[in-house]
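Hello,

Here is the structure I promised to pass on.

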There are 2 protein chains.
Amino acid sequence: MTTPTQAELEILNILWGMGELRVQEVHKQLNEVRPIGYTTTLKMMQVMAQKGLLARQLDGRSHIYSPVIQESTTKNKLLSRFVDSTFGGSRSQLLMQLLGNAKVSDEELKEIKDFLAQIEE
Amino acid sequence: MTTPTQAELEILNILWGMGELRVQEVHKQLNEVRPIGYTTTLKMMQVMAQKGLLARQLDGRSHIYSPVIQESTTKNKLLSRFVDSTFGGSRSQLLMQLLGNAKVSDEELKEIKDFLAQIEE
DNA sequence: CCTTTACTACGATGGTTGTCGTAGTAAAGT
DNA sequence: ACTTTACTACGACAACCATCGTAGTAAAGG
C-alpha cells in the first residue's frame with residue numbers, strides 16, 4: 001500500500017474532516033493556510049486518485065473526491081514508520097521525548113491520563 | 001538550522017551512540033543493516049559536515065567525525081514537525097493513536113504511568 | 001622506486017516531490 | 001452563435017535525496 005507524502009496528507013486531512021469535496025473546495029481550504037496554485041492541488045488529487053488514495057466520482061462536469069484509505073490506519077502506519085526511523089522502534093522513548101519536553105499543558109496532561117485510565121479497563 | 005534527512009539520521013544515530021568514528025566504521029555499521037556503497041556513506045558524511053551536522057578532524061590521512069547537533073534537541077524538532085504535519089499539532093492525539101491502536105504491553109503502560117506521575121511534580 | 005592500498009574529492013545519475021503552465025473541452029451566459 | 005467561465009488532462013520543471021563511479025593523492029609495503 002502506498003503511504004501518503006507530506007502534501008498528500010494535507011489533502012487527506014481536509015477530506016477526512018469533510019467527507020467528500022471537489023478540487024475547488026479542497027483548494028480553497030489549502031489556500032487558507034498557504035499559497036498554492038489551483039493546478040497543483042488538482043494534480044495532486046489526480047495522482048492520489050491514481051495511486052488509490054482517493055476515489056472520485058463524476059458530478060456534472062467536475063469530480064467529487066473522497067478518501068479511500070482510513071485515517072487511523074494511515075496515521076498508525078505513519079506513526080509506526082516515524083517511531084522506527086527516529087526512535088529505533090521504541091514507543092516509550094518517543095513518549096518520554098514527547099512529554100519530557102515540559103511544554104505539555106495541564107489540560108493535555110489530563111486528557112492523557114483520562115485516556116490511560118480508560119485503556120486500563 | 002538544517003534538520004537531518006532520513007539517511008542522515010541513520011548516521012547520526014550511530015554517532016550519537018558511539019561518540020566519534022571514521023567513515024569506515026560508520027559504513028561498516030550501516031552495512032550490517034542494509035547494503036550501501038562506501039562512497040555513499042562518505043558522501044553523506046561530507047555533506048553533513050558541510051551542513052554543520054557533523055564536525056570532523058584530521059587523524060593521519062582520514063577524518064574522524066563527530067555529531068554537532070544534540071540528540072534530544074534534534075529528535076524533539078523532528079517529533080514536533082511530525083506532530084504538526086500528521087496530527088495537526090496535537091500531542092494528545094498522537095498519544096491516543098500510539099496507545100490506542102498498537103498493542104501496548106503492560107510493562108510499557110506502567111513505564112508511561114510512572115513517567116507521567118513523575119512529571120506531575 | 002614502484003605497486004598496492006586507503007582515503008578523499010568531485011561530479012553524475014535516477015527517483016521522488018511539489019510546483020505550474022498551457023491547452024483542451026464542455027457548459028453557461030449574452 | 002459567441003464569449004466567457006469552469007474544470008480537466010497532459011506534460012514540464014526545479015529542488016532535493018540517495019546513490020555511486022571515477023580519479024586523484026598520499027602512505028605503506030615490497
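How much area is buried between domain 1 of chain A and domain 2 of chain A, and what share of that area do carbon and sulfur atoms give? Before the answer, please keep in mind that this is a predicted model.

The two domains of chain A bury about 420 Å² between them, and 69% of this comes from carbon and sulfur atoms. On the domain 1 side, A:V83, A:F87 and A:G89 supply 91% of the area buried against domain 2, more than any other three residues. As for where the boundary falls, domain 1 of chain A covers 1-89 and domain 2 covers 90-121. Their C-alpha centres are 28 Å apart, and the contact draws six residues from domain 1 and five residues from domain 2.

What about polar and charged groups at that boundary? The face of domain 1 that touches domain 2 is made up of four nonpolar residues, two polar ones and no charged ones.

Now to the two chains. Chain A and chain B bury about 3600 Å² between them, with carbon and sulfur atoms giving 66%. From chain A, the trio A:R91, A:L98 and A:L116 supplies 17% of the area buried against chain B, more than any other three residues. The contact takes 35 residues from chain A and 37 residues from chain B. Here too the rule finds zero salt bridges, while eight residue pairs are in polar contact across the interface of chain A and chain B.

Last, the nonpolar core. The largest one has 58 residues, and those touching the most other members are A:V26, A:M45, A:L94, A:L98, A:L99, B:V26 and B:L94.

Happy browsing, and do write back with any questions.

Best wishes

Terms used:
Residues numbered from 1 in each chain as written. Chains lettered and ligands numbered in written order. Predicted model: local features only at pLDDT ≥ 70, side-chain atom pairs only at ≥ 80, totals over all residues. Heavy atoms only, no water. Domains from an automatic or database assignment. Contact = heavy atoms within 4.5 Å. Buried area = accessible area lost by both parts, 1.4 Å probe. Nonpolar A, V, L, I, M, F, W, Y, C, P; charged D, E, K, R; others polar. Core = buried A, V, L, I, M, F, W, Y, C linked by side-chain atoms within 4.5 Å. Buried < 20%, exposed > 50% of the residue type's maximum accessible area, 1.4 Å probe, protein only. Salt bridge = Lys/Arg side-chain N within 4 Å of Asp/Glu carboxyl O. Polar contact = N/O pair within 3.5 Å; in protein donor to acceptor, adjacent residues only side chain to side chain.
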